[in-house]
Amino acid sequence: MAKIETPRPVRGTQDMLGGTPEAFAERFEHVVATFDRVRRLYGFQRVEVPVFESTAVFARSLGESTDVVSKEMYTFEDRGGDSITLRPEFTAGISRAYITEGWQQYAPLKVATHGPLFRYERPQKGRFRQFHQLDAEIIGAAEPGADVELLVFADQLLKELGINEGVTLTLNTLGDAASREAWRAALIAHFEAHRGELSEDSVERLAKNPLRILDSKDPRDRPVADSAPDIDAYLTDEARSFFEKVTSGLDAAGVAWERNARLVRGLDYYRHTAFEFVTDRLGAQGTVLGGGRYDGLIENLGGKPTPAVGWAAGIERLAMLVDTPERVPLQIGIVPENPDSEFLSQSLAYLFRQHGLSTFTTFSGKKDKRYTRSCAAAELVVNIDALHQKPGTFASLRFKAGQHPRTFGLDKSVENILRGRFKVDLEYVDDVLLNIDLLGEERRVPR
RNA sequence: GCGAUCGUAGCUCAGUUGGUUAGAGCGCCGGUUUGUGGUACCGGAGGUCGGGGGUUCAAGACCCCUCGAUCGCCCCA
């Protein structure tokens, strides 16, 4: 018989198992749970949008010339011949839904979501082909107060995750359309004048996306980039005033921020506020949360002109920064010492679980192994074989690291429970299960 | 798309200047011991040394190709 070759996982995807020392699944879960909790504090509605959309949704909103659209999308033709794309970001899909689902009636709309995104990129630290983001958007609010609330939300999230220490908020303004155009023209003029001093990459950027030269990592670009004009001189009065309101709002809320006049966004639709929370603890991927204002996007998708702000944060990146969440052991472990007790063990476990007690059971292994595993998994370990030797009782053992095991007896009501009645009351003293009392309701227990 | 580093058991890794039947720890399965027990001892299963080709009397080791992983460039969360 030919050997079956196991298909390999797709490059850039990951499998996460809980209960391992790395605890990556737990970190991931912790990030999402914290986000969901904080998002409620700010009154952001949970929103669900499809994982795939018509290709046009992303092509139009991100801009045809961007890297994401031109080479990173998972695009395919479905069986009906339509061009479909796995979402590479959230904002475009949410904006589409805002238009097609009539969500304008709820404006200004505050929504939050999280889930998988897909980008055909070369994987590296903190970067995957299927990755996951948290996302928050305020749609239909042109006021700087919306930017502020979103940033305060982000700041609190990072604080609650305990990772605010190594992470700083860097902030910039890209101005309104008029400011941006004037600045852009000035930048192009500046870079053209120094064309010969630029790296090859930046010469290419000059044609495609000149703003990007500003945050180039290539040391050859730095002198020219650093001497390039800031946007400040080109800001319209409105744009300047908007930015001032955002920064003073942050100051009022006590959110620390740094101006980074070199911060630009890769996607075409950004206006006014642009920001990134960055860290130096993730190798080359410094951005942990990023976003800004995208007043032109919804119009690009065929909707009415609608102002909006939003941000997204990489769940994997946050998970890498977060402390390992404390492991929560199961409450009770049941060890049958001999095979005859297996069935009893399952019945008892069922009983405990019905009453909301998390219960660990073993399926195999010799006695010592069962104890080892049970003690590792549960707070209190119960030996039920005493039931055979002395009906009406079983022994319970409690293990704590570095402590000598102690023994506790349980009272006779256990026998009654196991004989036929379900409803019980479990009594704890000092975290130790001491008593189980019947409450009366009669039901047969399979025996 | 480009560059660098790395692929030996389920996991973490040894394996000398090329030299017999490729090892350890952990994990898994079993036995003995213990018998309020997380132990100790013994044993077992598990490897086409990522794959293919080459050099050599001889390759896990050297050379070429290929696949994969990691990190970086580009870009991004």
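1. S95 has contacts (heavy atoms within 4.5 Å) with Y294, L297, I298 and L301, leaving aside neighbours within four places in sequence. S95 is found in helix α4, residues 91-100. Helices here are DSSP runs of H or I with at least four residues, strands are runs of E with at least two, and both are numbered from the N terminus. S95 counts as buried because its relative accessibility is 0%. Buried means under 20% relative accessible area, exposed over 50%, partly exposed in between (1.4 Å probe, protein chains only).

2. This is a predicted model: local features need pLDDT of at least 70, side-chain atom pairs count only at pLDDT 80 or more, and totals for chains, interfaces and linings use all residues. Residues are numbered from 1 along each chain as its sequence is written, chains are lettered from A and ligands numbered from 1 in the order in which they are written, and side-chain values use heavy atoms, with hydrogens and water left out.

3. Eight strands form an open, mixed sheet in the order β1-β5-β6-β11-β10-β9-β7-β8. Its edges are β1 (45-46) and β8 (258-259), each pairing on one side only. Pairing requires at least two DSSP bridges between two strands.

4. Strand β6 (residues 130-139) is mostly covered, with nine of its 10 residues buried. β6 pairs antiparallel with β5 (residues 109-118) over 10 bridges; V111 is bridged to E137. β6 also pairs antiparallel with β11 (residues 308-314), over seven bridges. There, I138 has V309 as bridge partner.

5. β7 (residues 167-173) and β9 (residues 271-279) are antiparallel, over seven bridges. L169 is bridged to F277 in β9.
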